Amino acid sequence: MKNLNFETILRDAQELILSENDPYIETYPEFLKYFENINAGDINEHNLVIASHFVYGWMPTIIHLNLEQKDQVLSLLNTVKNGHFLTVNELEILKKSVNNSLVGLSKLLHFINPKDYAIWDSRIFRYLTEKKSSYGIDKPQLYLEYLNGIKNISENKNYGKLHDLISRNFKYDIYPTRAIEITMFETDRNRQRRMKK
């Protein structure tokens, strides 16, 4: 993922232009509040169903929620709320439950624990890989590499400068995971718009 580095993200953050009245930005803090009001260990089937559906409200796909491994899924989601960093195998279990989609799962994980988990989608994938195809986007190992790259960027000694550039665009506080992800997302969105002109 050649563009997952501090210098590239900083350059793009300096040129960041957010779309006005963007529902993704406007609704984002409401989704966070939903899980902030749930204590660690208390995520239940009701919360999983509601949250999975509101996450899929951000996507062009209808959700198929597989609850066959409900107890294990809920247990894993509660460990995420407590700060557990998922393994490849654990991501596979959760992915199978949420539409068999790592993209949808990443959004759910982000709202449960925005500090440690970043949103992962086709725009982010294209930004990082410069590939037109999304082949490989559903590989948990790539998602973990992405999270590790975001962590490394956020630990850069000059990260504060980057965060200030991005956070000034928001009326609410954002974690580094969101600041870095939204920079990639919006940069790709703006590039795609320019290409269509």
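This is a predicted model: local features need pLDDT of at least 70, side-chain atom pairs count only at pLDDT 80 or more; totals for chains, interfaces and linings use all residues.
Residues are numbered from 1 along each chain as its sequence is written, and side-chain values use heavy atoms, with hydrogens and water left out.

So what is a ring pair? Rings of Phe, Tyr and Trp (its six-membered ring) pair if their centres lie within 6.5 Å; planes under 30 degrees apart count as stacked, over 60 as edge-to-face and the rest as tilted. The count by this rule is 13 aromatic pairs.

Now zoom in on Phe-54 and Phe-111. The ring centres are 6.2 Å apart and the planes are at 70°, so this pair is edge-to-face. Phe-54 belongs to helix 3 (residues 45–56) and Phe-111 to helix 6 (residues 102–112), so the pair ties together parts that are 57 residues apart in sequence. Helices here are DSSP runs (H or I, at least four residues), numbered from the N terminus. Both Phe-54 and Phe-111 are buried, where buried means under 20% relative accessible area (1.4 Å probe, protein chains only).

Next, pick Tyr-143 and Tyr-146. Their ring centres are 6.1 Å apart with planes at 40°, so call this pair tilted. The two tyrosines, Tyr-143 and Tyr-146, are three residues apart in helix 8 (residues 140–154), separated by about one helical turn. Tyr-143 is buried at 0% relative accessible area, and Tyr-146 is buried with 0% as well.

To count, CZ of Arg or NZ of Lys must be within 6 Å of the ring centre and within 35 degrees of the ring normal. Arg-123 has its charged end over the ring of Phe-185, 5.5 Å from the centre.

Last stop: Leu-4, in the segment before helix 1 (6–14). Leu-4 is buried, at 15% relative accessible area. Leaving aside neighbours within four places in sequence, its contacts (heavy atoms within 4.5 Å) include Tyr-146, Ile-150 and Met-184. Which residue is 176 residues from Leu-4 in sequence and 9.5 Å away in space, C-alpha to C-alpha? Select Ile-180 to see it.

Methods. Buried means under 20% relative accessible area, exposed over 50%, partly exposed in between (1.4 Å probe, protein chains only).
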